[in-house]
Amino acid sequence: MTVSSQLATRQSAAVAGGVGTRSIYAEKALNAELWDVEGKRYIDFAAGIAVNNTGHRHPKLMQAVREQAERFTHTCFHVAPYESYIRLAERLNAIVPTGAENRTMLVTTGAEAVENAIKVARAYTKRPGVIAFTGSFHGRTMLGMALTGKVAPYKKNFGPFPSDIYHAPFPNAFLGISVEESLVSLDRLFQADIDPERVAAIIVEPVQGEGGFNIAPKEFLQALRAVADRHGIVLIADEIQAGMGRTGKMFGFEHAGVKPDLVTMAKGLAGGFPLSALTGRAEIMNAAHAGGLGGTYAGNPLAVAAANAVLDVIEEEGLCERAAVVGQRIKDRLDAISQRQGMEKIGDVRGLGAMVAFELVNDRASKDAAPALTNAIVAEAEKRGLILLSCGTRANVIRLLVPLTIEDDVLSEGLDILEASIEAAISVA
């Protein structure tokens with residue numbers, strides 16, 4: 001038996017079946033490359049689901065964590081606070097574009113950041129209702145699942161969910177859902193299901209992650225800002241996947257020129273160490289009573305050290321600008337592939353910065369989803385040494401989340417493998 005097959009057997013006997021995984025058992029990784037326990041090399045176009053924007057084991061992050069580990073690894077910020085947490089909060093307050101004085105809290109996971117955003121919004125407005133959108137993903141906790149607008153695999157069999165959560169359609173140009181239609185549906189929601197004066201928050205991703213890398217149009221986000229202002233609703237930007245330079249700006253919302261009230265961050269924030277943050281307008285963030293926010297591991301010192309290093313790297317290495325360059329190279333390659341004869345099953349190529357995806361269909365006229373082909377491309381790429389991820393409410397989108405620090409030659413090699421994998425899978429579809 002191979003080491004991988006032995007580990008698969010042990011996993012089956014030890015790990016809960018609901019924890020879905022791939023068949024790649026990691027041994028080591030560096031920047032945009034990963035080696036499994038058999039010594040096989042992979043180019044990583046997943047980045048730990050947009051976590052390793054700064055690549056695997058960036059030297060500056062590793063040094064910061066080593067230095068922190070020599071001092072202390074945990075005190076609980078509530079028991080014995082530390083300067084690095086305060087410094088990270090100061091830095092996030094300065095860069096999060098709310099247009100007002102900010103305050104920050106740190107927690108551990110994206111779902112925690114989202115849950116605390118809702119808590120803070122409810123404390124500030126004294127209202128219960130929250131509006132999210134179809135195709136959204138906001139976490140796997142009970143409230144996170146309630147907010148999420150995608151049933152399988154996240155919500156199936158896990159209800160009932162918390163009340164006072166409502167969903168409106170998210171614009172989707174490829175499927176013919178216009179901004180106007182989305183806004184009309186939101187207005188109908190106010191007429192039929194919940195008085196806007198009972199709504200505490202609207203939460204929206206500037207680019208939907210699990211939903212299929214659907215980009216929120218500028219006019220849509222601007223309209224949501226106007227709706228929130230009109231009714232005294234807190235506008236929450238979920239930047240957990242789109243933030244930290246991924247879209248070519250520090251935050252995805254910046255492309256629309258919209259200023260949210262609260263911003264959730266995680267994934268790329270600490271470059272592989274578990275950390276999330278909620279930053280927002282001081283008057284809103286300070287609405288919760290003392291002791292109402294936090295957690296035992298919230299703002300772990302090792303993760304905080306990594307996050308401070310991540311912010312340094314993003315600035316010093318110009319990773320926002322690099323994201324735009326890398327993303328354009330990927331889109332140009334995918335556009336060229338999709339325009340070739342026989343590639344009509346690529347229905348759409350879309351992206352913002354280095355957050356790029358392509359949607360697979362049975363034919364471009366009907367736009368019927370092709371989830372089997374999607375899975376086949378992912379599997380073929382894995383055989384050839386490229387790690388890809390699928391997504392989308394119809395399970396027919398492949399998303400590309402390369403580390404922003406990827407070397408040009410490694411990016412080219414990965415795109416060559418991607419093209420060969422698409423060709424091979426479509427040829428037998």
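What is the order of the 4 strands in the open sheet? The order is 1-2-3-13, with mixed pairing. Strands pair if DSSP finds at least two bridges between them. Strands (E, at least two residues) and helices (H or I, at least four) are DSSP runs, numbered from the N terminus. Strand 1 (26-30) and strand 13 (386-387) stand at the edges. Each has a single partner strand, so one side of each is left without a neighbour in the sheet. Helix 13 (residues 408-427) packs on the sheet and touches strand 2, strand 3 and strand 13; contact means heavy atoms within 4.5 Å. The direction of helix 13 makes about 95° with that of strand 3. Axes are lines fitted to C-alpha atoms, for helices over the stretch in contact, and angles run from 0 to 180 degrees between N-to-C directions.

The model is predicted: local features need pLDDT of at least 70, side-chain atom pairs count only at pLDDT 80 or more, and totals for chains, interfaces and linings use all residues. Residues are numbered from 1 along each chain as its sequence is written, and side-chain values use heavy atoms, with hydrogens and water left out.

Strand 2 (residues 33-36) and strand 3 (residues 41-44) run antiparallel, joined by 3 bridges. Trp35 has Arg41 of strand 3 as its bridge partner. The charged end of Lys28 sits over the Trp35 ring, 5.2 Å from its centre. For such a placement, NZ of Lys or CZ of Arg is within 6 Å of the ring centre and within 35 degrees of the ring normal. Lys367 likewise has its charged end over the ring of Phe174, 4.7 Å from the centre.
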